[in-house]
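Me: Please take a close look at one packing contact in the structure below. Then describe, in one connected answer, the other helix contacts, the sheets and the remaining local details.

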Amino acid sequence: MSCCGEAKSSNDGRQTRANVGNQIISQQPGPMAGLSEKPGAVFQSPSPPPAVHPNYYGQNVQPPWPSTSPSPPPMNQFGTSPPGSPPPNASFSLNSRIGDSLARPSSSFQAGHGIGAGGSMSLSMSPPSMTPVQIRSESNTVVDEGKMSISIDFGTTFSGVAYGSSRISGGQVQQILSWPGSVETYRKIPTCLLYDEEGQILAWGLEAKHTALPNTYRCEWFKLFLEPRALRDDSAIDPRLPQLPPGKRAFDLIVDFLSCLWEYAKEQITREIGAVADLASADVWLTVPAAWDAKGCDFMREAAIQAGLVRSSRPGDTQWRNRLHIITEPEAAAVHCAHLTDLHHLQPSQNFIVCDAGGGTVDLAVYKIIGQMENLEIAEIAARSGSNAGSLFLDLRFRELVKTLLADHPAHLDAASLAYFMHSFSETEKLDYAGTRDDETMFHFTCFNVDDPNDPSVGLMDGQLSIPGALLRREVFDPVVEQVLGLIEDQLSKVDQRVDALLLVGGFAGSEYLKQRVEEQFGARIRVIARPADADTATLRGAARYGLARRPLVASVIAPRSYIMKVKLPAEQEDWHKRPAYIRNNDAGHSICENRLQYLVQKGAIIRKGQRLTTKFCKFSQSVQDASFVAVLYTSESDKIMRYNDEGETTELCKWTVDLSSLPAFQQNAMSQSGGFYTEFEIALELDSAEVRGILLYNNQEWGRVTFDFRN
């Protein structure tokens, strides 16, 4: 994170300690003894925004992080000043308002220093006790070989549960196959709930899908309410989605479904493997679409916690929330696919694209195999992407086609009749449809209401609706399939290296027509196009395998968006020309430009998983009550580099508040200093595939950690 300390230079050109790369961020209100600016001091110009790192995986050079540690090289240490006192020769803004701060970009974005990761939270980051937490590293991480790992693939249309432990079945991934409401086995069950008029759950899963009762609400597809546009703007919600029951939010439905799924999963796992299962301390891996932003991921995390997927397992267990892991669907699917070397014959250094085509979303990511296959790691080499283009939208387009054909036959357009048509299409024709080969085929769908008269002009004969294959292709399949092809094309355009394999996974991957069209369009460019074994459960099994590995199988991720911090900087000529209204003088008489933006991580940057990116800060406090350090964080999907926060292509995440009251330096100086005091500390950020975490550091020890809360 960058800086709130002013940089200055003397007339002889020597930089102070607040130079690039040694920068300390400060928040302070006014002058302190020995810290006044020299007459005639000028501010050093800030560094330019960080550029995207080169793709090290495509070159014969080492990436900019050490291979033996998940963390970046440490930044320069604090000076020899006593804890809590301002560093010698440091330059601080001389402004009299608490929380008024300046920032100057750091050189940590240069090659060899790693790239910062951004995030936000609306809660303070205070540890439960004064005892610091030792910083983790690969060398001192304790591995619990027998710990249970459980994965949940919460899908738009179907969901599943897998689990495993090194002590069970040789560490192989197991799936729950038996479900309430059926004597048959199912790899996944419908993501479906049935409520009564009072909002009480009557049934879930298979039972909810196959039960029809009066005065009830059947709820499906509610995962799509967490899609980024829907979260930002209610008007962006797809009008074809079912209405939510009165008094219920999409969040409530997700909590209810996860609660039902989890309670049954615990019973079933215990039934299958007995007392060996320690479910109270299990790690839980929850999958999310690649296109979701941090807000959607945070909603899922909170829903999972409310549903009881993780909870404190013993007295003093303060880290229980950390047992819940969020992983993107293509990342989990890639882990599954990368182990299936007999299928696609991939070798180290080769690249493959995963197209996870599910019920609601289609997610894509490109990976490179690094290292040796017996100690497999893969690295993301292009920003992942995704969209609402899953097989559900075939169902919705089919429903619209039926409504158009039978517009003059309203007896077939009530909710029960339409649901019957859609069920028949989904269960029998959707995946088997073969495209142009079926153009002359008539597809027959039995009517729910058999009393309506025949109408051969629309294919209504003898209680059946007959639809030509060519019409199905034009109105139902082609619009959705072509959207998927466009997503694959866009993903490939982000890669300047050869892609050796395209792997189709997810339920929609079972569509013969989709596979046929993918082979036609990309077969000449990609050597292997395959549908791996267990393609429909690749995400579920891959997430469980990731948990069993007890190490980052995906070594790096690409930032799908920029993370930015609003800062105050010494005014430059460009600021006087473009934003004179943002410029004011602080109490020392220096011109300050407010509402400037500093990029913590730029869209497309390569980030090592588990990499900690630290920045030094220095806060001035008026009193012991003044213990909060506050930053305003933004994100942007744009490739454009913006200078000010009013340029229209940023979204404010929230204010990030860090509580410093537990730090020894803060407490020591609060008691010994009068008239205000300084506290030095570090903030470290970790960017994962789906989450951003913040860590409070002091003297190279961890004093607090949080997964950022983006809901406010």
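Reply: The axes of helix H5 (residues 329–338) and helix H11 (residues 538–549) come within 7 Å and cross at roughly 80°, where helices (H or I, at least four residues) and strands (E, at least two) are DSSP runs numbered from the N terminus, and axes are lines fitted to C-alpha atoms, for helices over the stretch in contact, with angles from 0 to 180 degrees between N-to-C directions. The model is predicted, with local features requiring pLDDT of at least 70 and side-chain atom pairs pLDDT 80 or more, whereas totals for chains, interfaces and linings use all residues. Residues are numbered from 1 along each chain as its sequence is written, and side-chain values use heavy atoms, leaving out hydrogens and water.

On the H5 side, the residues that meet H11 are Glu329, Glu331, Ala332, Ala333, Val335 and His336, and their counterparts in H11 are Ala538, Thr539, Arg541, Gly542, Ala543, Arg545 and Tyr546, contact meaning heavy atoms within 4.5 Å. Sorted by class, this contact has 6 nonpolar, 3 polar and 4 charged residues (Ala, Val, Leu, Ile, Met, Phe, Trp, Tyr, Cys and Pro count as nonpolar, Asp, Glu, Lys and Arg as charged, and the others, Gly among them, as polar).

A further helix contact involves helix H7 (residues 392–405) and helix H8 (residues 415–429), which pack at an angle of about 130° with their axes 10 Å apart; H7 and H8 are therefore oblique to each other.

From H9 the contact includes Phe477, Val481, Val484, Leu485, Ile488 and Leu492, while from H10 it includes Tyr513, Leu514, Val518 and Phe522; by class, the contact of H9 with H10 has 10 nonpolar, 1 polar and 5 charged residues.

H9 also lies across strand S13 (351–357), strand S14 (362–370), strand S15 (377–387) and strand S19 (501–505), and runs at about 35° to S14. These strands belong to an open sheet of 7 strands in the order S20-S19-S13-S14-S15-S21-S25, with mixed pairing (two strands pair if DSSP finds at least two bridges between them). Strand S20 (528–530) and strand S25 (606–608) stand at the edges with a single partner strand each, so one side of each has no neighbour in the sheet, and neighbouring strands here are turned by 25° against each other on average, direction ignored. Strand S21 (residues 554–558) pairs with S25 in the antiparallel sense over 3 bridges, and the bridge partner of serine 556 in S25 is arginine 608.

Another open sheet has 3 strands in the order S9-S8-S10, paired antiparallel. Its edge strands are strand S9 (201–204) and strand S10 (217–220), each pairing on one side only, and neighbouring strands are turned by 20° against each other on average, direction ignored. Strand S8 (residues 192–195) is joined to S10 by 4 bridges, and leucine 193 has cysteine 219 in S10 as its bridge partner. Helix H3 (residues 250–273) lies across S8, S9 and S10 and runs at about 105° to S8.

A search of the whole structure finds 20 aromatic pairs (rings of Phe, Tyr and Trp, the latter by its six-membered ring, with centres within 6.5 Å; planes under 30 degrees apart count as stacked, over 60 as edge-to-face, the rest as tilted). Phenylalanine 251 and phenylalanine 299 form an edge-to-face pair, at 5.9 Å centre to centre and 70° between the planes; this pair links H3 with helix H4 (residues 294–306) across 48 residues.

Finally, asparagine 645 is found in the loop between strand S27 (628–636) and strand S28 (651–659). Asparagine 645 and asparagine 595 are 50 residues apart in sequence and 5.7 Å apart in space, C-alpha to C-alpha. Not counting residues up to four places away in sequence, asparagine 645 touches Lys566, Tyr582, Asn595, Leu597, Tyr634 and Thr650.

Note on methods:
Parallel < 35°, antiparallel > 145°, perpendicular 65-115°, else oblique.
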